[in-house]
Protein chains: 2
Amino acid sequence: MSQLDEFKAYYGRVEDLKQSLNLLSWDQHVYMPQGAAETRAQQLSTLSSLIHEYTTSQQMKDLLAQLARQHYAEDSDEGRLLARAQRSVDQASKLPAEFVETLSRQRSKTAHVWLKARAENNFKLFEKELAKIYDLVRQQADYLGYETHPYDALHDQYEMGSTVAALKPMFAELREETVELLKALGTAEQIDDALMHKAYDTEKQRQVSEEVARRIGFDFEHGRLDPTVHPFAQDISKYDVRITTKYVENWFASSLFGTMHEAGHGMYEQGIADAYHRGPLGAAVSLGVHESQSRLYENLVGRSYAFWQGYYPRLQAHFPAQLSDTSLDDFYRAINKVEPSLIRIEADEVTYNLHILIRFELELVLLEGSLKVAELPEAWNEKYEAYLGITPPSDALGCLQDVHWSEALVGYFPTYTLGNLMSVQLFEAAKRAHPGIEADMVQGDFTKLLSWLRDTIHQHGSKYTPAELVQKATGQALTAKPYISYLNSKFRALYGLS
Amino acid sequence: MSQLDEFKAYYGRVEDLKQSLNLLSWDQHVYMPQGAAETRAQQLSTLSSLIHEYTTSQQMKDLLAQLARQHYAEDSDEGRLLARAQRSVDQASKLPAEFVETLSRQRSKTAHVWLKARAENNFKLFEKELAKIYDLVRQQADYLGYETHPYDALHDQYEMGSTVAALKPMFAELREETVELLKALGTAEQIDDALMHKAYDTEKQRQVSEEVARRIGFDFEHGRLDPTVHPFAQDISKYDVRITTKYVENWFASSLFGTMHEAGHGMYEQGIADAYHRGPLGAAVSLGVHESQSRLYENLVGRSYAFWQGYYPRLQAHFPAQLSDTSLDDFYRAINKVEPSLIRIEADEVTYNLHILIRFELELVLLEGSLKVAELPEAWNEKYEAYLGITPPSDALGCLQDVHWSEALVGYFPTYTLGNLMSVQLFEAAKRAHPGIEADMVQGDFTKLLSWLRDTIHQHGSKYTPAELVQKATGQALTAKPYISYLNSKFRALYGLS
């Protein structure tokens, strides 16, 4: 066996453990009986620690050191594969076991307190624990190391190569333009989306979700769609991708767009090159790129006029009582209603990023220490008033709404907006490469779009950084401009503005 | 940490891996997408080999050796726990890795060939591979070691302490009495069970299955019921027990009795003592004891008059069109129809054991070499004619029907009949302890029965051998007599014989 094959065999076994962990995690959120929570936590903990043990083992380090002497070209699959493996080993090795243990305990505790604080609308309860979390992530950043800003160390875990220095100007531009657009839309006649709140039978919703996921290209031979309370996508492996959605009788948008969103995530995993399976390149490269795929299918496809030109008659046939009197145009307007609201996960395309930018700006100053945790509610509410024109009536509907910080996921939020920005820049490039993509959507044919995404994004797994992927796929670096221009042209037209 | 705690922590981690493997296996048979078969096999293989590695590691052996010097009393939990752990380590260590590999490859190959041979009704195709399997299990018996008969070494893997010498006379007595009873029943007026073959809506069957499982005591807080093609019970841990059943529109018995059967298996796992969780005593002790629990709930409860006195009105309410004209007595007779048939898994209570005894007698002579594999079909058909009075028209409906031998599971079949024998002996003892058990069943109250089984069987996990359990629970060693007497009294009455 060559040294490379020996390395691959070793790494593959660790991947098998990760895949097993993935199944334990999927099952926990979908089918696990309630009384199994404690024993499941134990199984997850044992597998996690075994994965950490094998990832940072002397054998792994020796194999990588031997292979480093082979001098594979930096840009070859082998070169990239070894670099990615080295990155995992380094990241896993940088955090002392004792610190990982402390962080893990504090996360469990904070998540618990957060649930209570949110339920009781009591920020005071949460304050002390959140302060401890920020102390710990500051230490984490020090362990991981950074050149310019501690935030970079944290954010890089989710978005390789992305930095505060690059995010700040891009996000500032996006914020200004979005706030301006939102003000303009506020002056126009508002959209009535009452038709989305009629009663839609959930079993029929399920059939529609499956039909739509299949239509846009999700592969059910290598995947499943199940109901859940908090929708997510989880790959067990690229050959076994599980997506979930939530069926709410009088809020049809939840399953309809949720399914397209998760199918977008799922198709990314399904599209990673077979050759990378069980290897260091066989994973999606970043949360931002992942979100670009889900948002592309949710919004650029799912909330487009072209998609519904093709699919609306079928949807009407599924729900004649609810939709036979509603025109395509009225349906299209209803699913694209813009309205500033308090809750991130319910936000429309225009306002969504403002929710993210607020969180990004706040976690930055919390990490720097220039904002005290005690001052968070006031700072949060001020920003909601300034950017969205609304003030949360309670912290439960304000700074207590997300689970992320209680789980020490600082540096994670920006990936949502990065995904949005990428989704438009990629979709524009896809249309340049295949001008027929929108006409095809009307016909119910999504193959050119998927095949372009497979070629430019999916197949590469973790071979390229997010920045490299965007540059190669679109011919330019990531910018907010295509997204800003898309929002303006779509929503000004929808609201009958210039 | 004490040495015992250190051992428990180590062993607990291995158990977590086994539990993860259990979930991978359950999912494979219930929800895994088809295209994931190959990657799932790889995950299972990696986890199996890790479990083997940790079970036979020097660390495990050292921990056991240290603890052996503590001289825990043989009958204490600690003494038993260490003995069971030592048994697992010994068994796992006795088979050379190369042999395990060869056997595993031959099993995969034979299972594949078996499917083809059965589909094409071509025993010749299967013959050579089955001969290789028998060569390998003979070697396996030698590796495992035995005192009297190589069959004991194989059978002991599934039924600790059970031997050919003990099985032979017990099974001979059972065979003679059953054949005689069957002949007698053949002279009586036969039962018409056409009502079981009406169309029963499968969604309503599902509701009934869940209701019945809950009624008899299956704990859905720590378990699930899902649909599948080949029903089974699989514990992930005692806190997470998954049972499955098959809904066939015009064969209601499949889900009705199948669910009670699997719920019986499931309640055994759910009842193991909390203190044994993640330890060497935390598993069901044998397949025979397992089967005693499933058959007790399927037959002694599920096919009893008392159960249906209580539940039949509810069943009629679920299926008024199918059952409102059928009396309780006619229903009771229909679900207890006796008829010699070709297929083991479709057999009634009287004939079921004859199918098992035929297999036991044949695998014994195949292992001894006194019957050649080439002679199997003829020997099989002769025994079916002799014991059941019917001759299989094809090998597909004869000696090719079971998967067991192709998977090298020789010594496994007798556990089905051991389970049947135990089920009656235990049920009689339960009724002696709580004479109200049958009256309670009429009222829909199954708590006394379950609590007696919890006390005498379930909680003990692997602490006692099957023989010890039966002796302690019933006050005598296992014999075929209670079963023979149960069959005679139940079925002679049902068929209007003396």
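Two residues are said to be in contact if their C-beta atoms, placed from the backbone, lie within 7 Å. The model is predicted, and local features need pLDDT of at least 70, side-chain atom pairs count only at pLDDT 80 or more, while totals for chains, interfaces and linings use all residues. Residues are numbered from 1 along each chain as its sequence is written, and chains are lettered from A and ligands numbered from 1 in the order in which they are written.

**View 1. The side of chain B that touches chain A.** Here 28 residues of chain B are in contact with 28 residues of chain A. At least two residues of this side come from each of α1 (3-30), α2 (37-55), β1 (223-227) and β2 (233-237) of chain B, where helices (H or I, at least four residues) and strands (E, at least two) are DSSP runs, numbered from the N terminus. The largest share, 8 residues, belongs to α1(B).

**View 2. Helices α1(B) and α3(B).** The axes of α1(B) and α3 (residues 58-68) of chain B come within 10 Å and cross at roughly 150°; axes are lines fitted to C-alpha atoms, for helices over the stretch in contact, and angles run from 0 to 180 degrees between N-to-C directions. The two helices are therefore roughly antiparallel to each other, a word used for angles over 145 degrees. Among the residues that meet are B:Phe7 and B:Tyr10 in α1(B), and B:Met60 and B:Leu63 in α3(B).

**View 3. Two domains of chain A.** Chain A is divided into domain 1 (1-94) and domain 2 (150-498), with bounds that come from an automatic or database domain assignment. Their centres, taken over C-alpha atoms, are separated by 29 Å.

Key: Parallel < 35°, antiparallel > 145°, perpendicular 65-115°, else oblique.
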